[in-house]
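Subject: The structure I promised you

Hi,

Here is the structure for you to look through. Open it alongside this email, and I'll walk you through what turned up.

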Amino acid sequence: MIRGSFFKKLLLYLLCACILTALLTGLLYGFSSVHVLSDRVAADLLSRAVSLSYLCSKQMNREILFDSFYAFMSSELRGARIYIYDAQGSLLLWSKEDTGSEPGAAYQKIVSDVLLTGDQVTNIIWHRGLIAVGVPIYDNLHRVNGAVVLAKRAAEVRESIRKLFWAMPVSACVAALIMLLPAYFGSRRIASPIQQMTQVATQMANGDFGARADETYPGEVGQLSGALNHLSSALSATIGDLVLARNRLSAILEGIGDGVVAFDSDLKTVIFSNPAAERLMQDCGDALSCQALAERFHDDFVKAASSAQPVEVQFPTADRIIHVACASSQTSSGGKPGIVVLLRDITEAERLEQTRREYVANVSHELRTPIASIRSLAETLNDGLIHSEEDKSRYYGYILRESMRLSRLINDLLELSRLQSGSVALVREAFDMNELLCQVAERMRVTASYSDIDLQYEENAALPACLSNRDRIEQVLIALVDNAIKYASDDGQVLLTCSANERELVVEVRNSGHIEEADLPHIFERFYKADKSHTGLGTGLGLAIAREILQQLDGTICASNEGDFVVFRFTVPHA
């Protein structure tokens, strides 16, 4: 048995329709029967009243005896009451059934109408349960000489109507019982395919798009089943495409390096964030939380939600620069749009851009100085302003030194560029670091003596062999020692030391003097000089080249102030 809500409602509707039809039919028939029965009683009373009026006219003219008239009048009662009035409306005769203090008082209106118009009058007084008719009495000259009123209680009519209204619920119940089985089977036949299609729709809602409705039902139900099956196939294809698109989008969002955060229409609730955004927020801490974004960029979110163009701003934190781009995201056709925020860490890009600008400026400055010197010296010689051979020779010497300086600068730039691009193949081999340090110290001691610098090396015969590129390590040592000699204090010292630990050799180059703490983090950058005017010796590329070489050889380098000495320390792996 099908007990679905639709089946119950349909069965109830059919039964209610049967009962309502029976009740309405009974009511209409009852009300119409009231008038029919009342009219029939009034017509009977009217015919009898006309006969009595005729006899009253005869009796008033003494054409019949009163006894005969009275006998006829008594025979015509048959449950009715008779009232006879004269031309002035005074009551002459009335039925003995009227025991009231004023007999015929209820019919004065009928009597007045009859005497005034001379017409027959019928009146049904329902509140008193009476049906009354009035007929005029004419004399020989056909003048109204009185009135006859016949009245009868409507008990018969009421009884008939009462029986009819009692019959109505009985007939309605009988009709409902008779229609119960047809209504049940008819409702079941209609509800069964709908119930089956409901089950199919439920399975579709749960993701089972293989469910199919029975299309063999005739008429519109079969067409509905076919439409439901077509909808299932179309939904299956559409949802498959949507799932594929969602998976692709999810893979893209999870794979990109930029953070993506989606806010709901209230511009506060986060509905999506990819792993890159979570990592970026975790690295930046509370400064880049979702709540901080919603509060700091609320006005930008509102602007982006109401505009078709994205809004882009930059959000600096303690150690990062975050590029924030927010755009509208329409979540539904009628709802308020949300916001999609793209977070990009541009700290490195900004740093590289700043480095590029500084690099260009430094290269331009470093190249301009020797070129300007060479040009000015050449112009002086070309104009013939120098006459003595000794001065000319001195000017040629200046030009040679500046050209050599320019050549060194270009060579250093090319060397640094090759190292950073990885195009230089650094072959590693085992060699004795103690021997290399002795050679470099011996070679640079002459240069140090020109500046009254005491260069010393503490030989350590217990050093193990190291695994690296000997020529490049020698290049690093020369650059560090040369830098130490240039910036050592007057009559200062430069000390070379080397020690070993479990994994590597540690080489230190110490020179008397001091480097400002603000300069230490930048000392290995290209063209960086503590002398901001760049008037000192050197190109500012030696330390940068040394760092690049050591990075290529899996080593490290750092600089620090230790007491009265500046210490450059680098490491070389063991053999």
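Glu442 and Arg445 both sit in helix α11 (residues 433-450), 3 residues apart, which is about one turn of the helix. Helices here are DSSP runs of H or I with at least four residues, strands are runs of E with at least two, and both are numbered from the N terminus. The two side chains form a salt bridge, with their closest N and O atoms 2.9 Å apart. By salt bridge I mean a side-chain nitrogen of Lys or Arg within 4 Å of a carboxyl oxygen of Asp or Glu. Glu442 is exposed at 52% relative accessible area, while Arg445 is partly exposed at 32%. (Buried is under 20% relative accessible area, exposed is over 50%, and partly exposed is in between, using a 1.4 Å probe and protein chains only.)

Before going on: this is a predicted model, where local features need pLDDT of at least 70 and side-chain atom pairs count only at pLDDT 80 or more, while totals for chains, interfaces and linings use all residues. Residues are numbered from 1 along each chain as its sequence is written, and side-chain values use heavy atoms, with hydrogens and water left out.

Back to the charges. The whole structure has 12 salt bridges. Another one joins Asp482 and Lys486 (3.0 Å, N to O), and these residues are 4 apart in helix α12 (residues 470-487), so about one helical turn separates them.

Which parts of the chain does the pair Asp554 and Arg428 link? Their salt bridge has its closest N and O atoms 2.8 Å apart, and it links distant parts: Asp554 is in the loop between α13 (542-552) and β16 (557-562), Arg428 in the loop between α10 (389-421) and β11 (429-431), 126 residues apart. There is also a salt-bridge network linking Glu508, Arg510, Glu562 and Arg569.

Now the sheet. Five strands form an open sheet in the order β7-β6-β10-β9-β8, with antiparallel pairing (strands pair if DSSP finds at least two bridges between them). β7 (270-273) and β8 (311-316) are at the edges with a single partner strand each, so one side of each has no neighbour in the sheet. Inside it, β9 (residues 321-329) and β10 (residues 338-345) pair over 8 bridges; Cys326, for instance, has Val341 in β10 as its bridge partner.

Have a look and tell me what you think!
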